[in-house]
Amino acid sequence: MDCWKILITAPYLQAQLDRFSDFFSSSGVELVVPPVKERLEESQLIQYVGDVDGIICGDDQLSDYVLRQASKLKVISKWGTGIDSIDQVACKHLSIVVRNTPNAFSEPVADSVMGYILSFARRLYSMHEAMKLGVWMKIPGVALNECVLGVVGVGNTGKAVVRRAIAFGMKVLGNDLVEMPSEFLVSTGIQMVSKEELFQQADFLSLNCDLNPTSYHLMSDAQFGAMKPTAVIINTSRGPVIDEPALIRALQEERLGGAALDVFEHEPLPTDSPLRTMKNVLLAPHNANSSPRAWDHVHWNTINNLLEELQKAKR
């Protein structure tokens, strides 16, 4: 039996390795499992990639420099969907196959987006905090059928957000580089508009786009300046889609009503970030994908993607 040496840096899978140990063993896989809190940077990855045949990664910095040190590497299997932290040009040049699980977490992420919208619209968190302090205060909220939702990135997750929003009676505007299927437009009533129009009209703005050269710092000073001062931005996509210092300025200067952030430019979020002390900001530790069923599907699909490509490489 061939023995494959596999580096596993995906924290979610690392936490469940006992479940899969027999399967890996019977498949001729030797595991390398370094300590990982959130992700590994270049300097950390270099210590492990030299003789591995495959990698099951999270959002690790698999740069051109790292990949060129991995002389035996045949496949990178991403735990999840986003592959923006992997240098795909280098992988193509080095004949390293990259696999992922498309549409892995659309449903739980869309649930998280709606949770944030409801919390802000109905002022749930503010009233909760006031009550905890002994303050009996009726803080005015709005009904969702009085609100406009703007969705930037109407892919699998964006579509799931749209379907939930229309069920609450929201008017929904969308923006995407890809033309939407006519049946989706008809069934949801979403209006596809320019980013400029979307920013001007949205009471809530949900970012659900991939991280790529066109979306890096998509939201910066000019874009925040175009939004309503009462608007709330929700980011469950990738941290660098937002220019974080620009967001902080907009919030501090009351040019924006609030923010709900599951992802950040630097993760974990630095302890001295001003975002941590703002009362109109909801924060989460990159966990909008939380779902036992979705996680289990991704565990198995990620492992099977890896083994499938290793078997191909053996032929």
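Mentor: With a cut-off: a residue counts as buried when its relative accessible area is under 20%. Keep in mind that this model is predicted.

Trainee: Which residues of helix α12 are buried?

Mentor: Helix α12 spans residues 244-252, and its buried residues are Glu244, Ala246, Leu247, Ile248, Ala250 and Leu251. As a general idea, an α-helix has 3.6 residues a turn, so residues three or four places apart point the same way.

Trainee: What covers the buried residues of α12?

Mentor: The cover includes one helix, α11 (221-226), and the strands β10 (232-235), β11 (258-261) and β12 (281-283). Just past the end of α12, Glu254 has a positive phi of about 60°.

Trainee: Now the sheet. What is the order of the strands in the open sheet of five?

Mentor: The order reads β2-β1-β3-β4-β5, and the pairing is parallel. β2 (29-32) and β5 (97-99) are the edge strands; each has a single partner, so one side of each lacks a neighbour in the sheet. On average, neighbouring strands are turned by 20° against each other, ignoring direction.

Trainee: How many bridges join β1 and β2?

Mentor: Four, in the parallel sense, with β1 covering residues 4-8. Within this pair, Ile6 of the sequence faces Leu31 in β2.

Trainee: Which strands does helix α2 touch?

Mentor: Helix α2 (residues 17-26) packs on the sheet against β1, β2 and β3 (54-57), and its direction makes about 145° with that of β2. Helix α13 (residues 292-314) lies across β1, β2, β3, β4 (75-78) and β5, at about 165° to β4.

Definitions and conventions. Residues numbered from 1 in each chain as written. Predicted model: local features only at pLDDT ≥ 70, side-chain atom pairs only at ≥ 80, totals over all residues. Heavy atoms only, no water. Pairing = 2+ DSSP bridges. Helix = DSSP H or I, 4+ residues; strand = E, 2+ residues; numbered from the N terminus. Axes fitted to C-alpha atoms, helices over the stretch in contact; angles between N-to-C directions. Contact = heavy atoms within 4.5 Å. Buried < 20%, exposed > 50% of the residue type's maximum accessible area, 1.4 Å probe, protein only.
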